[in-house]
Amino acid sequence: MKNAALLVSTILVSLSLFSFSGKDKCLKSENIECYLESHNPFAEGLRMDEEVRNLSLKDINLIDEEEEIVLNFDTATYLPIGFNAYKGIGLDLDNLVFEDLEEEIVLGFDTAQYLPIGFNAYEGMELDLNDIVVEEIEEEINLGFEVMNYLPKGFNAYAK
C-alpha cells in the first residue's frame, strides 16, 4: 500500500512538473543555490524516482486490512430473500459465446476483373500432415570419454 501511494505520488509530481510554468521566484537573487533549484523542475520527481528504485523489501509494510463499511441501515430490507452477491461470479467457459465478426472490406472496384477465372483464395489451405517433411540432423556429441565403458553390457536406451 505504501508502494502504491509512493508510485501514485511520483506520477502526480511528475505530471505537475510537466505543467511547470518556468517563472523564476528568485530570478533577481544572487544566490546560486536558488538559481539552480529554480531551473531544475524535475529534481523532486527524480529524487522520488530514485527512492522508488532503491526501495527494498524490508522497507515495504504490507497492511492487509479489510475496511468495514457502515451504512447505518439494514441492507437486507432492500435486497431479495436469499440474495448472495457472490453467487455466479465463477467463469464458465461453456457459457461464453464466440462471435467472429468479419468486417467486409470495400475496395471500390471489382477484384474479379484482375484475378484468373475460377480463382479461389482458400484453395489448397487444408493442412495435410503427410506433406510435412521432418528432417532430423543427428549431431555427434563428443563427451571426451567413451560412454559404453560406464554402461552395462547390452544396454539399450530405447528398449522397453
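Is Phe145 buried, partly exposed or exposed? Phe145 is partly exposed, because its relative accessible area is 46%. That value comes from a predicted model, as does every other value below.

**Overall layout**

The chain has 160 residues, and buried residues make up 5% of them. Its secondary structure comes to 3 helices and 0 strands. Read from the N terminus, the elements run α-α-α. The accessible surface of the chain is about 17,000 Å². Carbon and sulfur atoms account for 56% of that surface.

Helix 1 spans residues 2-18 and holds Leu6. Asn3 is found in helix 1 too. Leu6 counts as partly exposed, because its relative accessibility is 22%. The cut-off for buried is under 20%, so Leu6 at 22% does not count as buried. Asn3 is partly exposed as well, with a relative accessible area of 29%.

Each of these residues can be paired with a residue further along the chain. Leu6 and Met48 are 42 residues apart in sequence, and their C-alpha atoms are separated by 8.2 Å. Asn3 and Leu62 are 59 residues apart along the chain. The C-alpha atoms of Asn3 and Leu62 are separated by 9.4 Å.

**After helix 3**

Helix 3 covers residues 43-53, and Glu65 is found in the segment after it. Glu65 belongs to a negative surface patch, formed together with Asp64, Glu66 and Glu67. Its relative accessible area is 65%, so Glu65 is exposed.

Asn72 lies in the segment after helix 3. What is the phi of Asn72? It is near 65°, a positive value in a residue other than glycine. Most residues other than glycine have a negative phi. Asn72 counts as exposed, because its relative accessibility is 74%.

**Aromatic pairs**

How many aromatic pairs does a search of the whole structure find? The search finds 3. One of them joins Phe73 and Tyr78 in an edge-to-face arrangement. Their centres are 5.6 Å apart, with 90° between the planes. Phe73 is partly exposed, with a relative accessible area of 46%. Tyr78 is exposed, with a relative accessible area of 65%.

Why is the pair of Phe145 and Tyr150 edge-to-face? The planes of its rings stand at 90°, and the cut-off for edge-to-face is over 60 degrees, so the pair falls in that class. The ring centres of Phe145 and Tyr150 are 5.5 Å apart. Phe145 is partly exposed at 46%. Tyr150 counts as exposed, because its relative accessibility is 63%.

| Residue | Relative accessible area | Class |
|---|---|---|
| Phe73 | 46% | partly exposed |
| Tyr78 | 65% | exposed |
| Phe145 | 46% | partly exposed |
| Tyr150 | 63% | exposed |

**The nonpolar patch**

Which residues make the nonpolar surface patch of about 840 Å²? They are Ile141, Leu143, Phe145, Val147, Met148, Tyr150, Leu151 and Phe155. Phe155 is partly exposed, because its relative accessible area is 44%.

Technical notes:
Residues are numbered from 1 along each chain as its sequence is written. This is a predicted model: local features need pLDDT of at least 70, side-chain atom pairs count only at pLDDT 80 or more; totals for chains, interfaces and linings use all residues. Side-chain values use heavy atoms; hydrogens and water are left out. Patches are made of residues with over 30% relative accessible area and no salt bridge: like charges are joined within 9 Å, nonpolar side chains (Val, Leu, Ile, Met, Phe, Trp, Tyr) within 5 Å. Accessible areas come from the Shrake-Rupley method with a 1.4 Å probe; for residues, only the protein chains shown count as cover. A salt bridge is a side-chain nitrogen of Lys or Arg within 4 Å of a carboxyl oxygen of Asp or Glu. Lys and Arg count as positive and Asp and Glu as negative; His and the chain ends are not counted. The place of a charge is taken as NZ of Lys, CZ of Arg, CG of Asp or CD of Glu. Helices (H or I, at least four residues) and strands (E, at least two) are DSSP runs, numbered from the N terminus. Buried means under 20% relative accessible area, exposed over 50%, partly exposed in between (1.4 Å probe, protein chains only). Rings of Phe, Tyr and Trp (its six-membered ring) pair if their centres lie within 6.5 Å; planes under 30 degrees apart count as stacked, over 60 as edge-to-face and the rest as tilted.
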